Amino acid sequence: MTEVLQQLCQRLSVQPQRIVAQRAGESLSAADFLARVRAWASALARMPGVSYALYLEDSFEFAAALFGGWHAGKNLWLPGDLLPATVSGLAHRVHGFAGELPPLGDLPRLSVADLKEVSDLEFSLDPLDADRCCLQLFTSGSSGDPVAIAKLLRQLQNEVNSLQQQFGAEVGEAVVHGTVSHQHIYGLLFRVLWPLASARCFAARRLAYPEEIAAISDPATLVASPAHLKRLPEGLDWAPFAGALGVCFSSGGPLPVEAAQAVLRLWRQAPIEVYGSTETGGIGWRQYGPGCGAWTALPTVDWQVDRGLLQVRSAHLADSHWYQTEDRAVAAAGGGFELLGRADRIYKLEERRISLSAIEQHLQSAPCLSDARVLVLPGARALIAAVVVPSAEGQQILARQDKKALVRTLREWLTGKVDPIALPRRWRALDVLPIDARGKVSQAALAALFRPMRPQPTWLLREAQTAELSLIVDPELAHFDGHFPGTPVLPGVAMLDWALHYAAGAFGIDSRCLQMDVLKFQQLVRPGAELRLRLDWEPQRGQLSFAFHCGEQRHASGRFRLNGQAS
Amino acid sequence: MLALEPEIKSLIIETMALEDMAPEDIDPTAPLFNEGLGLDSIDALELGVALQKRYGVVFNADSEDIRQHFASVRALSAFIAENRKQ
């Protein structure tokens with residue numbers, strides 16, 4: 001299949017009945033595909049200029065527009081999303097918009113609806129020139145502006161050949177489904193170009209929800225990412241899908257071991273992880289299993305580690321030079337390489353490359369701030385946190401309103417400038433940034449500002465008027481700071497806060513306190529303690545009783561009179 | 001159904017670990033995603049998992065339906081009230 005993509009339309013024209021794709025139960029044939037390619041090609045050929053941005057949700061329509069664009073001699077740019085900043089950033093790079101991009105100024109625009117008028121079924125589809133057909137994919141650069149990466153059809157063909165050689169036999173004839181968008185390289189290759197080149201049927205619609213995955217019962221390959229694989233609901237009936245699934249791919253970011261184990265347990269398949277980037281294309285793969293961890297290079301890919309960073313050379317790149325990645329790596333003892341994380345301030349959050357520097361720059365330019373730093377808080381779901389120093393304008397917002405108002409202003413300021421997933425979720429406003437002995441803003445000091453105030457609860461009982469929960473007193477809680485040096489003890493007031501906070505959650509009430517009675521602190525609580533918290537709510541009297549205990553031992557108890565109305 | 005709203009609000013705050021946010025700050029009719037509460041597609045997945053765990057509800061596989069159930073706290077409460085198994 002070495003040059004299949006160049007000659008795709010010729011090949012399809014001799015097998016018009018071949019099923020190319022399916023959309024909600026409907027089969028789409030090669031003849032259907034060629035008709036759409038001609039529609040896009042003839043319409044795009046009449047549009048002025050060469051460079052067109054293309055965005056479509058439906059993968060079948062997208063594939064037709066992509067090949068139609070190439071047959072019309074266009075150079076296509078694929079934005080990763082439709083954020084206002086992305087769309088306006090395209091304006092000075094392209095001559096027009098195609099697909100579902102919104103209108104922008106007087107830029108020529110071709111939507112799906114426009115196609116009906118101009119379909120030219122005679123449009124001639126000659127073989128494509130693999131060194132002239134080009135598309136531009138986007139990545140986020142360290143400066144924050146998305147960087148366009150050009151891909152020649154030849155490189156894409158080489159990628160597809162590598163995938164077929166490495167995984168073709170295993171994948172077989174199954175229909176290719178995916179949770180990732182074809183506007184990015186992983187989805188483009190795995191969900192669209194590889195199936196087209198290898199005569200496999202692909203699903204035109206992206207699977208957004210786990211329920212849609214569970215509804216699949218015919219032989220399937222799944223092109224997924226950790227965003228979905230980390231969050232598979234245990235309660236769904238996965239049996240039909242587990243029986244249908246042949247191979248599950250994951251790419252876009254590291255797949256945590258727990259997620260790989262969940263996939264294996266629920267779907268009876270060990271996921272195959274693929275490692276690569278927009279710039280380099282595919283680099284390596286590994287499959288979850290005993291002793292896994294090291295990555296094996298894909299066919300045609302050479303690699304070496306230079307000063308701790310991975311370098312690659314492959315047919316997926318535009319030339320035959322070594323390409324320096326920003327991924328720290330080390331050669332693995334048993335062959336292959338292990339990845340040790342990024343060397344720059346790009347952070348992969350839910351498979352999206354987030355530039356911490358870019359968020360910082362946007363915040364620093366906000367009128368209500370004089371300085372800002374952002375950092376990543378690790379956890380089951382990593383979060384972006386921001387430490388900000390309000391300007392005079394920001395101080396006024398704090399004085400006249402509150403921190404919520406300041407945060408709201410900043411979120412609005414960032415909206416459209418950064419990926420919604422990268423909007424900071426935690427905020428601290430300070431008069432000055434914490435500086436270490438070398439005069440630098442220390443990451444450790446910033447991180448300390450976000451230490452938790454409450455432990456993660458495990459609910460044991462949750463009824464209308466009674467609740468009981470188990471709390472492990474994390475030694476990392478901010479309450480132990482200075483209370484007391486060398487002898488950490490949980491402040492009693494922290495337990496009052498916890499009782500009110502969890503009561504609000506348990507009973508759905510406004511837990512603003514009007515009065516406290518019979519407070520007793522019987523035993524000190526030390527870091528690491530496992531506490532039980534019992535809550536009893538009497539709505540008629542607006543009275544909440546609480547007791548913290550550990551086995552037979554009572555640590556604290558008391559009663560609150562609350563505002564109490566349902567919130 | 002209205003009785004469920006405070007519970008759903010608490011669940012959202014707990015699941016999303018929303019800081020500085022109390023149940024009374026959430027407008028039950030405001031959109032949960034994007035412009036409203038500002039939740040994103042990852043939050044939708046997490047919230048789906050939490051709702052299934054807590055109420056045993058199963059969403060059907062129609063993405064348009066799911067989008068409507070997740071439109072607001074009110075829509076979500078109505079769906080849970082009708083479909084809860086626990």
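A:Ala199 counts as partly exposed, at 40% relative accessibility. The limits are under 20% relative accessible area for buried and over 50% for exposed, with partly exposed in between (1.4 Å probe, protein chains only). The model is predicted, so local features need pLDDT of at least 70 and side-chain atom pairs count only at pLDDT 80 or more, while totals for chains, interfaces and linings use all residues. Residues are numbered from 1 along each chain as its sequence is written, chains are lettered from A and ligands numbered from 1 in the order in which they are written, and side-chain values use heavy atoms, with hydrogens and water left out.

A:Ala199 also has a positive phi, near 60°, and is not a glycine. The residue sits in the loop between helix H7 (185-197) and strand E10 (202-203) of chain A. Helices (H or I, at least four residues) and strands (E, at least two) are DSSP runs, numbered from the N terminus. A:Thr300, likewise not a glycine, has a positive phi of about 75°. Its loop joins strand E15 (296-297) to strand E16 (302-306) of chain A. A:Thr300 is partly exposed, with 45% relative accessibility. A further backbone feature is the cis peptide bond from A:His483 to A:Phe484, with omega near 0°. A:Phe484 belongs to the loop between strand E26 (466-472) and helix H16 (492-507) of chain A. Most residues other than glycine have a negative phi, and most peptide bonds are trans.

Strand E26 of chain A also holds A:Glu468. A:Glu468 is buried, at a relative accessible area of 13%. Beyond its neighbours within four places in sequence, A:Glu468 has contacts (heavy atoms within 4.5 Å) that include A:Arg532, A:Arg534 and A:His549. A:Thr458, A:Trp459, A:Leu460 and A:Leu461 are also among its partners, as is A:Leu533.

Strand E9 (residues 175-178) of chain A is buried at each of four positions: A:Val175 and A:His177 point one way, and A:Val176 and A:Gly178 point the other way. E9(A) runs parallel to strand E11 (residues 220-224) of chain A, and 4 bridges join them. Pairing requires at least two DSSP bridges between two strands. Within this pair, A:Gly178 stands opposite A:Val223 in E11(A).

Strands E22 (residues 369-377) and E23 (residues 383-390) of chain A pair in the antiparallel sense over 8 bridges. A:Ala372 faces A:Val388 in E23(A) across the pair. The two strands form a hairpin with 5 residues between them. In the turn, A:Gly379 has a positive phi of about 150°.

Chain B contains 4 helices and 0 strands. Its elements run α-α-α-α from the N terminus on. The radius of gyration is 12 Å, which agrees with the value near 12 Å for a compact globule of 86 residues. This radius is taken over C-alpha atoms, and the globule rule is 2.2 Å times the number of residues to the power 0.38. The C-alpha trace of chain B spans about 30 × 25 × 20 Å along its principal axes. Of its 86 residues, 51% count as buried. Among contacts in chain B with a separation of 6 or more, 60% come from residues 24 or more positions apart.

Chain B exposes about 3,800 Å², and carbon and sulfur atoms supply 51% of that area. Accessible areas come from the Shrake-Rupley method with a 1.4 Å probe; for residues, only the protein chains shown count as cover. Chain B carries 7 positive and 16 negative charges, whose mean positions are 8 Å apart. Lys and Arg count as positive and Asp and Glu as negative; His and the chain ends are not counted. Each charge is placed at NZ of Lys, CZ of Arg, CG of Asp or CD of Glu.
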